[in-house]
Amino acid sequence: MTTDTPAVVAEGLHKRYGTTRALDGFDLTVPAGTVCGLLGPNGAGKTTAVRILSTLLRFDAGRARVAGYDVTRQPEQVRGVIGLTGQYAAVDEVLSGRQNLILFGRLHHLPVRAARRRADELLAQFGLTDAAGKSAGEYSGGMRRRLDLAASLIMTPRVLFLDEPTTGLDPRSRNQLWTAVRRLVADGTTVLLSTQYLEEADQLADRILVVDAGRVVAEGTSAELKARIGADRIEVVVRDAAELGAAAAVVERFAAGPVEVDVEIRQLGAPVVERVAALGDIMRALSDAAIAVEDVGLRRPTLDEAFLHLTGQRPAGVPSADQPAGAGVAA
Amino acid sequence: MTSTLRSPSRMSGADSAVRPDSASGGALARFRRALADGWVMTGRNMSHVIRSPEEIVIYFSLPIMFVLVFGYVFGSGMAVSGSGYREYLLPGVFVMTMLYGLGATASGIAMDVSRGVVDRFRSMPMARSALVVGRTGADLLRALLEMATLVVCGLLVGWQWRNGLGSALGAVGLILLLRIALTWVGIFLGLVVPNPDTVGVIVFPLAFPLSALSNVFVSPDLMPQWLGTIAAWNPLSATVAAARELFGNPGTGGDSWPAEHSLVLAIAWPVLLIAVFAPLAVRRYQRLSR
């Protein structure tokens, strides 16, 4: 495979369950060596897409290729070069962590000694050496997820599918998992990551695809999407309504979009890209212009708002967030 | 990472003539790989048994209890009394133990399929048959251990084989053939049930009448005629009758057609069961990717 062949390609995938369209014209291209995030709410079709691309699920129409192999016609070749870690740890709960990794190594056709050596390496790498002899069923959620990821990495995969890998994990386990994924990517593995968390996609993904109702509704880098979503907003309340015009001119220099003025409450609002830098710049500039500021706040768009912007409707199952997060100003 | 393992395909190109290891070679190489994968899965299933010792106790206490309870409790009320009845009974208990093993097969498969681990197996370059081959392999090993336990137990309570070792091994072979056939029934059941807990609920009501309505405990000749006919045609009865004949144990008689052709039926029934349930199970297994 040459480097310019995309690692994952999906064209017009359709998958129906009865009358439900799980995928409805799903397209995707992931360049080799990159991390692609699939961002979307529950039921958007992320898991269906991942299961199809990892050969677990048949589909009704469309085409899919992974590492240059056709998913339908060459599933065995695909299975030889992929790794899969899902939201439920796919390990044998009766066997010990070490037995699990040896088993999966043997099923990758490693000789016994090589499988044992690889198991011990991975246990050490994922901090599971002390728990190597314990049943995987007795592991904590984070340990089990780490074991599951280790099992996907027995043969360093060309393409790694991560289906909501950190759902339900504590921050420490989540960071450990992210570190492991970054190391893999540095090694040349392509990653397709599905997640419900904007932050996770933000942390790991080079490109993010927003999925809703079985299709990709928006695509871009994290910065591009945030700009489209309306990015973070800065909100400034000035002491004197007469200075609103001057303040708006200052804010506009650092804003990523139009400045909105609310004379009634003497407030200015504008989208910003680098939130902390923009806050500093704006406060400094306002101070230089001798404009008295009564209050200032940054607020970040929630995933809910992101969906509102990108799909024009609230995602199913996500409660509406009317209260702005981290607002310093009464809106 | 101290070292990185790449599958051979990583080096070769998708468009080059060299195909990945997992798909290379002819039918023979594939078959060998399927056997190897099946053997690895057999080992995995055996590790399960070793890691839960309480299960081992249950496995081996059940057949022993069958011998003692049925041999002595029922034996005291039977026309052929004492060791005579126990000699009649033992081949039946061998077969009945094989029948109850079906529950373990079904729950083992149901457990695998209900857990996330089956997704990992299915996303790996292993033979798809390995899950089922490994189950069959492990259950057959277990059946061998159960047979050994039962034979020792039987010898202790007065059972013996009277037609030489060759015939005795032939009888054991027929009993294991039935066990293999029942494995496929169990695999199918395990794939059909909604969750592993339902297996017991389904298997017991199925296995109990099947073993009672046979020649395991009582000769079908002594039953009301319609019951006797059912019992005589019961697949278990064929294997039991054939085993009695080969072991040289009493009770081979009976003038019904199935009783006179028990050897043929002891091969035909299991083959028929495999022919029906193996394709059903395979179809059901493939439906996992729907």
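These legends walk through several close-up views of a predicted model.

Residues count from 1 along each chain as its sequence is written, while chains are lettered from A and ligands numbered from 1 in the order in which they are written. Since this is a predicted model, local features need pLDDT of at least 70 and side-chain atom pairs count only at pLDDT 80 or more, whereas totals for chains, interfaces and linings use all residues.

**View 1. How confident is the model in each chain?**
For the model as a whole, the scores are ipTM 0.80 and pTM 0.78. Residue by residue, the guide is pLDDT, the predictor's confidence in each residue, from 0 to 100. Chain A has a mean of 86, with 88% of its residues at 70 or more. Chain B averages 83, and 87% of its residues score at least 70.

**View 2. The helices of chain B.**
Chain B has twelve helices and zero strands; here helices (H or I, at least four residues) and strands (E, at least two) are DSSP runs, numbered from the N terminus.

**View 3. Helix α6 of chain B, end to end.**
This helix covers residues 130-156, 27 residues in total. From first C-alpha to last, α6(B) reaches 39 Å, close to the 39 Å expected, a figure that comes from 1.5 Å times one less than the number of residues. Just after α6(B) sits Gly158(B), with a positive phi of about 105°.

**View 4. Strand β1 of chain A and its two partners.**
Strands pair if DSSP finds at least two bridges between them. β1(A), residues 8-17, pairs with β2(A), residues 20-30, in the antiparallel sense over eight bridges. Within that pairing, His14(A) has Asp24(A) as its bridge partner. Two residues lie between the strands of this hairpin, where Gly18(A) takes a positive phi near 60°. β1(A) also pairs with β4(A), residues 61-66, again in the antiparallel sense, over five bridges. There, Val8(A) stands opposite Val66(A).

**View 5. A stretch of chain A to treat with care.**
Over residues 315-331 of chain A, pLDDT stays under 50. The model has 34 contacts beyond four places in sequence for this stretch. Where pLDDT is low, the predicted coordinates should not be read in detail.

Note on methods: Two residues are in contact if their C-beta atoms, placed from the backbone, lie within 7 Å.
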